[in-house]
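Q: Hi, could we go through this structure together, one piece at a time?

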Amino acid sequence: MTFWEKLYLPEIARGLGITFKMLIGPKMTIQYPEEKYHPGGYYRGRPVLVLDEDGERCVACGLCSRVCPPLAIEVRAGETDREKERYPVKFEINMLRCIFCGLCEEVCPEEAIVMSKDLEMVFENRESAILGKEKLLVPVAQLQDRLEYLRMHQYYEPPARAQDA
Amino acid sequence: MPTIYIDGKPIEAREGQSILEAALEHGIEIPHFCWHPAMSAPANCRICLVKVGMPRRKPDGSFETDENGNPVIQYMPKLQPSCRYPVSEGLHVLFQVPEVIESQHAVMEFLLINHPLDCPICDEAGECKLQEYAYFYSRGKSRFVEEKNHKPKHVIWGPNVIFDAERCISCSRCIRYADEILHDPVIDFVDRGDHVTIELFPGTQFDNPYSMNVIELCPVGALTSRDFRFKARVWEMSFTPSVCPGCARGCNMYVGVLHNQILRLQPRTNMYVNQYWMCDAGRLTQYPFVNENRIDKPLVCTENGTLTEVSWEEALDTFWNKLQSVDAKEIGIVVSGMLTNEDAFALRRFIQEYIPAATVMLMTVEDPEFEDDFLRVRDRRPNTRGVQTILGDVLASLSVEEFRAKVESKQLKLVWVIGEDLEQVWGEEGRKIADGADTLIVAASNVSSTTQVADLVLSLATYAEMEGTFTNIDGRVQHFIPALTTAERPYRWGMKASRWDKMGAWNDRWSHGPQRHCRPLWQMLAATASIAGHSWNYRKAADVFADLAQTVEGFARMTYALLDERRGIPLGKVDEPEPPVFHYDSHRLKPESEEYRYVQVYDKAEQWW
């Protein structure tokens with residue numbers, strides 16, 4: 001190191017320069033409660049169920065429940081007359097358990113559960129934090145951002161096996 | 001004993017076996033859909049193809065060898081179905097070679113062309129042979145982009161079985177089962193090529209006492225249970241090995257449990273008892289009584305005539321006082337064949353130590369209509385033989401009428417019924433006994449007309465909530481372990497429980513399910529003995545069984561570990577083990593850990609406490 005580097009003073013002056021520049025530059029912080037945050041499709045908020053024009057997509061296969069690390073999801077199935085003969089009689093997500101990892105969305109074979117942009121969750125007691133189907137179903141039109149994002153970022157490509165080569 | 005070589009590994013096969021069978025018995029699983037050891041091998045699924053060859057011989061009969069002295073093997077130009085190919089001395093089989101793997105990939109791709117891949121909806125998902133093999137023996141990709149064939153879905157075949165033609169892979173297991181095992185051939189293939197499907201003959205129904213076995217036989221989800229339909233995913237359940245209490249055959253079965261409720265029963269292979277099968281009546285009638293209409297806590301009849309719940313201490317105090325209030329000669333005991341050997345032994349000890357003069361009567365339940373020449377037997381209680389063997393000379397030989405007359409003439413003032421509903425089994429006579437007794441004590445698991453008029457009801461554990469052994473009609477002692485938790489015996493190490501039941505917290509809505517304050521009989525009697533001032537030192541069922549094995553001759557030297565290892569032991573045959581048999585298991589929920597770990601871990605946990 002040279003004498004000037006050993007002094008550190010020029011570096012301190014340069015660092016302070018950046019600080020002061022930021023002080024008078026445009027602000028990045030959002031004044032949250034007054035000003036709302038509108039994230040893009042990348043955001044993983046409260047998981048919701050997709051409601052298509054012809055009804056819910058979920059067939060109650062239970063994979064989200066199986067993959068959920070904190071056991072937040074419970075699904076109970078029933079039979080319907082629709083072409084997909086299975087539907088969730090009960091679909092509950094315990095938001096106190098949910099860790100917003102997005103594995104449920106990743107595993108879903110029907111693209112029926114997705115992470116919404118909902119980030120404002122307030123519960124007054126434990127019971128109200130368990131969301132049933134009536135609170136989870138969201139029309140597909142409101143979830144377009146996320147569905148497009150998911151299609152652009154296909155997570156899984158089956159790896160080629162050695163014996164195929 | 002011909003020696004065959006699978007991928008160079010020598011295997012001692014038995015004469016007349018197929019390659020697949022010999023390999024399976026030695027722990028090499030060659031994939032197969034249509035083959036089943038109980039039925040003929042049509043070789044129509046083609047996934048078990050292997051490369052087969054014999055050492056080449058010279059014209060003089062000697063083996064040709066290469067420069068290293070190894071025999072030269074001449075392989076057949078085409079792959080052969082191993083399920084049909086009989087073993088012969090010196091047969092060489094190549095299984096893990098590119099040619100065979102390529103053929104497996106091709107067969108899987110063909111099978112999946114018209115398979116709807118609706119695993120999210122299908123009940124078989126998780127225990128499906130096609131799913132399993134798609135992981136192990138396929139490329140994982142399909143090149144088929146055209147429209148799949150559409151076939152009829154949810155076709156009702158009979159009272160218990162539902163058929164989905166799209167999922168069917170035409171292995172013909174169900175057809176051969178109906179034809180060869182049931183001798184009731186009502187189904188067959190119709191149409192050809194990729195339009196082939198299975199149909200019932202006009203005017204028939206797949207309605208047989210053993211029809212539900214096709215559900216486990218079917219390697220895919222084409223045949224599913226109407227009773228279990230969409231109740232739960234298999235991976236959400238725990239499957240505990242147990243023994244069916246429906247009749248004296250004692251078929252081995254798995255108890256499927258979710259949230260402490262039994263959702264289904266399915267057969268467990270035991271070649272000595274039920275082979276691979278189980279009857280529909282056993283599956284459908286032997287679990288609802290465990291889930292519903294239970295006595296949750298001991299009940300005592302108060303002065304105004306209503307039954308009120310009390311704690312176990314209070315109930316057993318009342319029980320002991322009631323027994324003390326009459327002379328031992330005035331006590332009549334009705335014993336059920338539902339009791340385990342442990343219960344019967346504890347009862348014998350209790351009677352001999354405290355009420356030796358009591359009149360003990362075994363209640364048998366016989367149903368000649370239930371009997372057939374396959375598995376079902378006339379005796380509808382699982383342990384009549386065991387209770388008879390253990391109680392022996394304690395039992396009085398009385399007819400129902402004589403017992404009723406004794407009760408009505410007040411020779412017997414206190415009647416203690418264990419594990420049965422008097423009115424349901426004995427009809428009018430039973431009701432007269434219940435009404436005629438001065439004091440009626442009932443140990444039962446379900447609410448019945450007898451418990452409603454009782455002075456004291458002790459809540460009894462069912463077969464699913466206790467550990468014990470049953471002795472079946474052939475005298476085979478079989479061990480079973482608890483599938484459900486109770487308030488008396490909460491979850492502990494080694495017991496099977498699904499991920500949800502194991503990890504759920506008290507404030508999760510779904511977890512735990514109903515917890516009942518019920519006890520097996522031996523536990524009640526041991527607690528009563530301690531009220532009387534004696535310590536029997538029975539802490540778990542194994543303690544009672546150890547005592548039983550020392551006392552009763554037929555059970556000599558039996559232990560739970562030995563019973564599990566040999567899949568049940570006939571009475572008095574501990575020193576003559578049966579020849580080992582291969583217990584084939586077609587497909588089940590995987591991964592399945594060693595089933596019988598329970599006993600060892602349970603014992604360890606007991607010691608640790």
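Q: Thanks, so where in chain A is A:Glu111 found?
A: A:Glu111 sits in the loop between α4 (103–107) and β5 (113–115) of chain A, where helices (H or I, at least four residues) and strands (E, at least two) are DSSP runs numbered from the N terminus. Please keep in mind that this is a predicted model, in which local features need pLDDT of at least 70, side-chain atom pairs count only at pLDDT 80 or more, and totals for chains, interfaces and linings use all residues. Residues are numbered from 1 along each chain as its sequence is written, while chains are lettered from A and ligands numbered from 1 in the order in which they are written.

Q: What is phi like at A:Glu111?
A: Phi there is near 50°, which is a positive value in a residue other than glycine.

Q: And why does A:Glu111 count as partly exposed?
A: A:Glu111 counts as partly exposed because it has 15 C-beta neighbours inside 10 Å. A residue is buried if 20 or more other C-beta atoms lie within 10 Å of its own, exposed if 12 or fewer, and partly exposed in between, with C-beta atoms placed from the backbone.

Q: OK, now B:Gln275: is it buried or exposed?
A: B:Gln275 is buried, since 20 other C-beta atoms lie within 10 Å. B:Gln275 lies in the loop between β14 (261–267) and α6 (280–285) of chain B, and has a positive phi of about 50° although it is not a glycine.

Q: You mentioned β14(B), so how many bridges join it to β13?
A: Six bridges join strand β13 (residues 252–258) of chain B to β14(B), and the two strands run antiparallel; strands pair if DSSP finds at least two bridges between them. In the hairpin of β13(B) and β14(B), which has two residues between the strands, B:His259 takes a positive phi near 50°.

Q: Switching topic, how many residues of chain A are in contact with chain B?
A: 21 residues of chain A are in contact with 19 residues of chain B, where contact requires that the C-beta atoms of two residues, placed from the backbone, lie within 7 Å. On the side of chain A that touches chain B, β3 (73–79) and β4 (86–94) of chain A each supply at least two residues, and β3(A) gives the most, with four residues.

Q: Which classes do the residues on that side of chain A divide into?
A: They divide into seven nonpolar, four polar and 10 charged. Here Ala, Val, Leu, Ile, Met, Phe, Trp, Tyr, Cys and Pro count as nonpolar, Asp, Glu, Lys and Arg as charged, and the others, Gly among them, as polar.

Q: What about chain B as a whole, how many helices and strands does it have?
A: Chain B has 19 helices and 24 strands, and its C-alpha atoms fill a box of roughly 95 × 55 × 50 Å along the principal axes. Of the 609 residues of chain B, 46% count as buried.

Q: In what order do the strands of the three-stranded open sheet in chain B come?
A: The order is β22-β23-β24 (chain B), and the pairing is antiparallel. The edge strands are β22 (468–471) and β24 (569–570) of chain B, each of which pairs on one side only. Two bridges join strand β23 (residues 476–480) of chain B to β24(B), and B:Val477 has B:Ile569 as its bridge partner in β24(B).

Q: Which helix lies across β22 and β23 of chain B?
A: That is α9(B), running at about 95° to β22(B), where axes are lines fitted to C-alpha atoms, for helices over the stretch in contact, and angles run from 0 to 180 degrees between N-to-C directions.

Q: And at what angle do α9 and α16 of chain B pack?
A: Helix α9 (residues 341–354) and helix α16 (residues 521–531) of chain B pack at an angle of about 25°, with their axes 8 Å apart. The two are therefore roughly parallel to each other, a label used for angles under 35 degrees, whereas those over 145 count as roughly antiparallel, 65 to 115 as roughly perpendicular and the rest as oblique. Among the residues that meet are B:Phe350 in α9(B) and B:Trp522 in α16(B), and the residues of this contact divide into eight nonpolar, no polar and two charged.
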